[in-house]
Amino acid sequence: MDYSKFFNTALARLHDERRYRVFADLERIAGRFPHATWHSPKGQRNVVIWCSNDYLGMGQHPKVVGAMVETATRVGTGAGGTRNIAGTHHPLVQLEAELADLHGKEASLLFTSGYVSNQTGISTIAKLIPNCLILSDALNHNSMIEGVRQAGCERQIFSHNDVAHLEELLIAAGPDRPKLIVCESLYSMDGDVAPLAKICDLAEKYGAMTYVDEVHAVGMYGPRGGGIAERDGVMHRIDVLEGTLAKAFGCLGGYIAGKAEIIDAVRSYAPGFIFTTALPPAICSAATAAIRHLKTSNWERERHQDRAARAKAILTAAGLPVMSSDTHIVPLFVGDPEKCKRASDMLLEDHGIYIQPINYPTVAKGTERLRITPSPYHDDGLIDALADALLQVWERLGLPLSKKPLAAE
């Protein structure tokens, strides 16, 4: 039996569909973000990163780097095993307390990634609720979809951010059936925001629990960086908030926060928590430093919004097809998978600009795009250079220009 043919066939299918992904070998330079070294086939080159999820550049912040180095020097690198076997190291305890405080919740629970926190958190919570019906937004992230699937409960999908459709499903479920509404606060491909207050109104009216993914909003919105829920004044109305440490906080890990009994139940029943080695102490200390800093410093958030607004304005004025967004996400519509990949390659090879193409299945076919994420450290010169490079690429590829922002798909 030639097993290799199965894998070669699968890879060939990706190539044929123009979905095969190639990763750029990049080395970020602490203190010079968004500049990085690209280890290209022709040697090392300086490039500017325009698509990082380290939205605020906290991965290079002196407080964060210092906390990581100090903790690693003091206690070593690894956690030594799962928390059930090796115990819970103190920096992790401090981090969970910091996260609970950030979201105004009784407790929080740390996982190895945001993906795992959704996959494990949603499935475990739903399994512990008899006859639970999960109501999931149509554009939820793959990690949430997997969590819903693994719950093994009945699930229904409501149209994206459509509270009228959600209410229809809640009414049809009846008042006595347990219900869990699962959505994101900020959807990272279009940059749109969920109507959290209206969703909370419906949850309270029809007796449903709420689970909100804030991974693209924590650190960046709200007076202390608590996310869209904090900004909109509804954090206390949401049962479970999920977030990541790998984006605005510049580290690694995911978490959920909520009432003590919910968090304790997930801690006690979730395989994705019980059987996984804990995050290392140094990472936990670094994340704690980032959270504490952003609770009191608004410079990063204000500068970040200013940079995103300027990037949108400059690209739009240049006639580039910027998809409308009220957040820091700047999607640039391409609409063709092959041209999207070629645009990305040309930007990197010819202009020293790194923007990863976003193709199916991350977005629907026909809505392929470049997803631009300005940071506080993208200055006016870098933004102007980006616009010039994009215009050259657009012309070479024969892509259409637009005279006004496009509505997100």
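Buried here means under 20% relative accessible area, exposed over 50%, and partly exposed in between (1.4 Å probe, protein chains only). Contact means heavy atoms within 4.5 Å, and helices (H or I, at least four residues) and strands (E, at least two) are DSSP runs, numbered from the N terminus. This is a predicted model, in which local features need pLDDT of at least 70 and side-chain atom pairs count only at pLDDT 80 or more, while totals for chains, interfaces and linings use all residues. Residues are numbered from 1 along each chain as its sequence is written, and side-chain values use heavy atoms, with hydrogens and water left out.

The buried residues of H4 are Pro91, Leu92, Leu95, Glu96, Glu98, Leu99, Ala100 and Leu102, and they pack against helix H2 (62–75), helix H3 (83–86), strand S4 (107–111), strand S12 (254–258) and H12. After H4 comes Gly104, with a positive phi near 65°.

The expected span is 1.5 Å times one less than the number of residues.

| Helix | Residues | Expected span | C-alpha end to end |
|---|---|---|---|
| H4 (residues 90–102) | 13 residues | 18 Å | 18 Å |

In H13, the buried residues are Glu300, Arg301, His304, Arg307, Ala308, Ala311, Lys312, Leu315 and Thr316. They lie on the same side of H13 because they cover an arc of only 155° around the axis (taken from the directions from the helix axis to the C-beta atoms). On the other side of H13, Glu302 and Ala317 are exposed. The cover over the buried residues of H13 includes helix H12 (281–296), strand S13 (330–333), strand S16 (369–372) and helix H15 (380–397). Just after H13, Gly319 has a positive phi of about 90°.
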